[in-house]
Amino acid sequence: SDTAKTTNERLLSICQLLETHIDHYNWVGFYFADSDKKELHLGPYVGEPTDHSVIPFGKGICGQVAVSNQNFVVPDVAAQDNYIACSITVKAEIVVPIFVDGKNIGQIDIDSNTPDPFTEADERFLEFVCAHVATILS
Ligand code: SME
């Protein structure tokens, strides 16, 4: 039954729903912070496998969100100098942090193959998703 799902199964289901139903979401995954090591570690995801399962705080879009605690919307990844490319098909990215008890414990990371696809509606929606994820994790 659904209540028997593990946390990672629930997170994977969220990735699958988002990637399947939203056309401009082409890679959807979670990274979680190891605050002692100052690294992000890849969690459940849907899309092409990535070499970047560990990302130091500060590196790339994801690593910057680990320290800024702010949403990061990238309309054109080619215009970013602190960017980690996972796939040449990716044109844009959005990363939204997940807060548990006010602490930035990780993030949802979405890549798009469409240029400049993300609006404030995506930010508000993904903040809602991340608030739900926080309840799964706590
Ligand atoms: N592009 C990200 C790295 C993660 S991949 O998108 C899955 C970044 O610059 O942090």
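Three helices and six strands make up the secondary structure of the protein chain. Both are DSSP runs numbered from the N terminus: helices are H or I with at least four residues, strands are E with at least two. From the N terminus, the order is α-β-β-β-α-β-β-β-α.

Keep in mind that this is a predicted model: local features need pLDDT of at least 70, side-chain atom pairs count only at pLDDT 80 or more, and totals for chains, interfaces and linings use all residues. Residues are numbered from 1 along each chain as its sequence is written.

Next, burial. A residue is buried if 20 or more other C-beta atoms, placed from the backbone, lie within 10 Å of its own; with 12 or fewer it is exposed, and in between it is partly exposed. Of the 138 residues in the protein chain, 29% are buried. The C-alpha trace spans about 45 × 35 × 30 Å along its principal axes.

Now helix α3, residues 120-137.

Which residues of α3 are buried? They are L126, C130 and V133. They sit on the same side of α3, because they cover an arc of only 55° around the axis, taken from the directions from the helix axis to the C-beta atoms. In general, an α-helix has 3.6 residues a turn, so residues three or four places apart point the same way.

The face turned away from that buried side carries exposed residues, including E120, R124 and F128.
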